[in-house]
Amino acid sequence: MTQVIVLNGGSSSGKSGIVRCLQAVLPDPWLALGTDTLVDAMPASMQASDGGIEFAPDGEVIVGPEFRTLEAAWIEGVAAMVRAGARVIVDEVFLGGADSQQRWRKALGESRVLWVGVRCDAAVAAGREVARGDRTTGMAASQADVVHRGVAYDLEVDTAHAEAMECARTIAAQVR
């Protein structure tokens, strides 16, 4: 049985909408956790220090060693929940491409994972970013391709050409 669904895509690519739809269409209860969950749980001082996470004016995301330490603990915590029996959908942004995926692979070990790439044309994601109003302008365009570099997927969906529910149904069909 699939225990984890990892959705990787850039900011404003549509991952969160797909997660909500997946929770609605999958027959069993699935927890939704993501990189935003981790950032929101951190103290505000982590967003104002060189060691934490910084959102540059041009949309670049810069992470420091304190962030990486907390991120590693968080990933291990999610993996522990999976080993304890929780089914988890992870909403991620692999800023480090293949290196980011490798950190998750190591932590998840023998767990059954469905790796899903959530693609979205940079211009479409940038338009969503502006409409949302809660992201640093430029983040969506800068992440649209870089998060996929060297990442291996079981399945890819494209939210520029399919609605969240359609993507969720495509993903759900691969969950065993």
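1. In this predicted model, R119 finds its bridge partner in β7, namely D158. The strand pair concerned is β6, residues 113-119, and β7, which run parallel and are joined by four bridges.

2. Taken as a whole, the sheet is open and consists of five strands in the order β2-β5-β1-β6-β7, with parallel pairing. Because β2 (31-34) and β7 (155-158) each have a single partner strand, they stand at the edges, and one side of each is left without a neighbour in the sheet. On average, and with direction ignored, neighbouring strands of this sheet are turned by 20° against each other.

3. Two helices that pack on this sheet deserve a comment. Helix α4, residues 98-108, touches β1 (4-8), β5 (88-92) and β6, and its direction makes about 160° with that of β6. Helix α7, residues 164-172, also packs on the sheet, where it touches β1, β6 and β7, and its direction makes about 170° with that of β7.

4. Which rings make up the one aromatic pair that the structure holds? They are those of W74 and W104, whose centres lie 5.7 Å apart and whose planes stand at 85°; since planes over 60 degrees apart count as edge-to-face, the pair is assigned to that class.

5. As for where this pair sits, W74 belongs to helix α3 (residues 65-83) and W104 to helix α4, so the pair ties together parts that are 30 residues apart in sequence. Both W74 and W104 are buried, and the helix that carries W104 is the α4 that packs on the sheet.

Conventions. Residues are numbered from 1 along each chain as its sequence is written. This is a predicted model: local features need pLDDT of at least 70, side-chain atom pairs count only at pLDDT 80 or more; totals for chains, interfaces and linings use all residues. Side-chain values use heavy atoms; hydrogens and water are left out. Two strands pair if DSSP finds at least two bridges between them. Axes are lines fitted to C-alpha atoms, for helices over the stretch in contact, and angles run from 0 to 180 degrees between N-to-C directions. Contact means heavy atoms within 4.5 Å. Rings of Phe, Tyr and Trp (its six-membered ring) pair if their centres lie within 6.5 Å; planes under 30 degrees apart count as stacked, over 60 as edge-to-face and the rest as tilted. Buried means under 20% relative accessible area, exposed over 50%, partly exposed in between (1.4 Å probe, protein chains only).
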